[in-house]
Amino acid sequence: LRAAFDRIPKPVLGVVIIVLAIVIAGAIVVGNKYRERIKEPAKPEVAAVINGEKISSQDFEKNLANTERFYREILPKQTNTAEPVSEDFLRRLPRVVLDELIREKLLTQYLAEKGIVIGDEEVRAKLKQDIVDPKWNGDWLAYENHLKTTYNLPLEHIMWNVRLELLTKKVIEVENLAASQDPTALDEWYANLKVNSQVSTYINQ
């Protein structure tokens, strides 16, 4: 091999060395990019599919961020406690949020089959009755500004929580679960609903 290189004219040898250097450098760059792709796979666009209906990763990330902010920043101020929830709970929060989104979807589907819809108007009416009227004299704009400036939370997140509350109450009413006086009746009913549904998740928790 050395003899072969010795027979190559020096100008040509210089070009060969430069070309080899470029090829090697390119291979290193490509290899690094390939490794980066392996380390950081693209996030899925869908967090879960519930009986054919999608929960987008964007909705999941948005609700996770707002819920995490509540537990890390808002709850400590409200309770005047440095650590109102454990770090273990916070680590499990992504799973908790996804489960709540799945619950909302399943309860919405179940009630829709019975001709019952919990829309934004009903959610806003509940908020108006419980919070906006008694605490803000019916001033929605002042309430929204308070959420944004004090807690950095959008009204949409509060409405999501209220909607889930209303869905749950409606299921209890429709299924007459309160009559059993069994505190686990709702959990058992929901577990059965979920088992008999097609639920697929696409994000790591």
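Reply: Begin with the elements: helices (H or I, at least four residues) and strands (E, at least two) are DSSP runs, numbered from the N terminus. By that rule the protein chain has 9 helices and 3 strands. This is a predicted model, in which local features need pLDDT of at least 70 and side-chain atom pairs count only at pLDDT 80 or more, while totals for chains, interfaces and linings use all residues. Residues are numbered from 1 along each chain as its sequence is written, and side-chain values use heavy atoms, with hydrogens and water left out.

Me: In what pattern do the elements follow along the sequence of the protein chain?
Reply: The pattern is α-α-β-β-α-α-α-α-α-α-α-β.

Me: How do I read the sheet?
Reply: Strands of a sheet pair through backbone hydrogen bonds, either parallel or antiparallel. Here, two strands pair if DSSP finds at least two bridges between them. This model has an open sheet of 3 strands in the order β2-β1-β3, with antiparallel pairing. The edge strands, each pairing on one side only, are β2 (53–56) and β3 (199–201).

Me: What joins β1 to β2?
Reply: Strand β1 (residues 46–50) is joined to β2 by 4 bridges, and the two run antiparallel. In one of the pairs, Ala 48 has Ile 55 in β2 as its bridge partner. β1 and β2 form a hairpin with 2 residues between them, and Asn 51 in the turn has a positive phi of about 50°.

Me: How do I describe two helices that pack?
Reply: Two packed helices are described by the angle between their axes and the distance between the axes. Axes are lines fitted to C-alpha atoms, for helices over the stretch in contact, and angles run from 0 to 180 degrees between N-to-C directions. Angles under 35 degrees count as roughly parallel, over 145 as roughly antiparallel, 65 to 115 as roughly perpendicular and the rest as oblique. α3 and α8 pack at about 95° with axes 11 Å apart, and are therefore roughly perpendicular to each other. Contact means heavy atoms within 4.5 Å; this one is made by Lys 62, Asn 63, Asn 66 and Thr 67 of α3 and Glu 156, His 157 and Trp 160 of α8.

Me: At what angle do helix α5 and helix α9 cross?
Reply: Helix α5 (residues 93–113) and helix α9 (residues 185–195) cross at roughly 85°, and their axes come within 11 Å. That makes α5 roughly perpendicular to α9. The residues that meet include Leu 106 and Tyr 110 in α5 and Trp 189 and Leu 193 in α9.

Me: How do I tell whether a residue is buried?
Reply: Buried means under 20% relative accessible area, exposed over 50%, partly exposed in between (1.4 Å probe, protein chains only). Of the 205 residues of the protein chain, 29% count as buried. In α9, Ala 185, Trp 189, Tyr 190 and Leu 193 are buried. They cover an arc of only 125° around the axis, which puts them on the same side of α9; the arc is that of the directions from the helix axis to the C-beta atoms. The buried residues of α9 pack against α5 and α8.

Me: Why does Arg 163 count as buried?
Reply: Arg 163 counts as buried because its relative accessibility is 16%. Its place is in helix α8 (residues 155–175). Leaving aside neighbours within four places in sequence, Arg 163 is in contact with Glu 104, Ile 118, Gly 119, Asp 120 and Val 123.
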